[in-house]
Amino acid sequence: MVEHRRAVRVLLLDPEDRVLLLRGMDPAEPGTTWWITPGGGIEPGEGPEEAARRELAEEIGLTDVDWGPLVAYGTAEFSFRGREYRQEQWFRLARTTRTAVSLAESGADEHALLLALRWWTLGELRTTGETVHPRGLARLVARVLTDGPPEQPVRL
């Protein structure tokens, strides 16, 4: 059975226009890792904006950011801990001047799944051989950096 969920991801940029990605893993598939933007599930009664603030604080302890608009949306299908998911997700733009961030403040659940974090340049995103989700992330970052946030969120 596929579990449906709603989630928000944060497209967090630093003053050098690098994007923050977190290296994650699925305990059900040891040795397989990927890079994702910070974020997670939208809780009942929350909108994407509130969930983005909460998730960024929970995962990396960051609350001092300049929030921008929703810039993208899409659907992700994946398995995690042996369960199948179909996730409707929104991407919210944010900027920070604080680049010294860490997973030390993340909750116990995140600690087991998030292994590292790193600021990526657009060039690194375009040329990496590592798995980065979502697939269109480099195109989205390029569009935001070149043209600014889209008037309406784009589909990834």
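How many aromatic pairs does a search of the whole structure find?

1. The search finds 2 aromatic pairs. Keep in mind that this is a predicted model.

2. Start with Trp 35 and Trp 120. Their ring centres are 5.2 Å apart and their planes meet at 70°, so this pair is edge-to-face. Trp 35 belongs to strand β3 (residues 33–36) and Trp 120 to strand β7 (residues 114–120), so the pair ties together parts that are 85 residues apart in sequence. Trp 35 and Trp 120 are both buried.

3. Turn to Phe 78 and Tyr 85. This aromatic pair is stacked, with 5.4 Å from centre to centre and 20° between the planes. Phe 78 has 28% relative accessibility and counts as partly exposed. Tyr 85 has 14% and counts as buried, because the cut-off for buried is under 20%.

4. The charged end of Arg 118 sits over the ring of Trp 120, 3.8 Å from the ring's centre.

5. Next, the nonpolar cores. The largest has 23 residues. Leu 12, Leu 56 and Ile 60 have the most contacts inside it. At least two residues of this core come from each of β1 (2–13), β2 (19–25), β3, α1 (48–60), β5 (66–80), β6 (83–95) and β7. Helix α1 gives the most, with 4 residues.

6. In soluble globular proteins, nonpolar side chains tend to be buried together.

Key
Residues numbered from 1 in each chain as written. Predicted model: local features only at pLDDT ≥ 70, side-chain atom pairs only at ≥ 80, totals over all residues. Heavy atoms only, no water. Phe/Tyr/Trp six-rings, centres within 6.5 Å; stacked < 30°, edge-to-face > 60°. Buried < 20%, exposed > 50% of the residue type's maximum accessible area, 1.4 Å probe, protein only. Lys NZ or Arg CZ within 6 Å of the ring centre and 35° of its normal. Core = buried A, V, L, I, M, F, W, Y, C linked by side-chain atoms within 4.5 Å.
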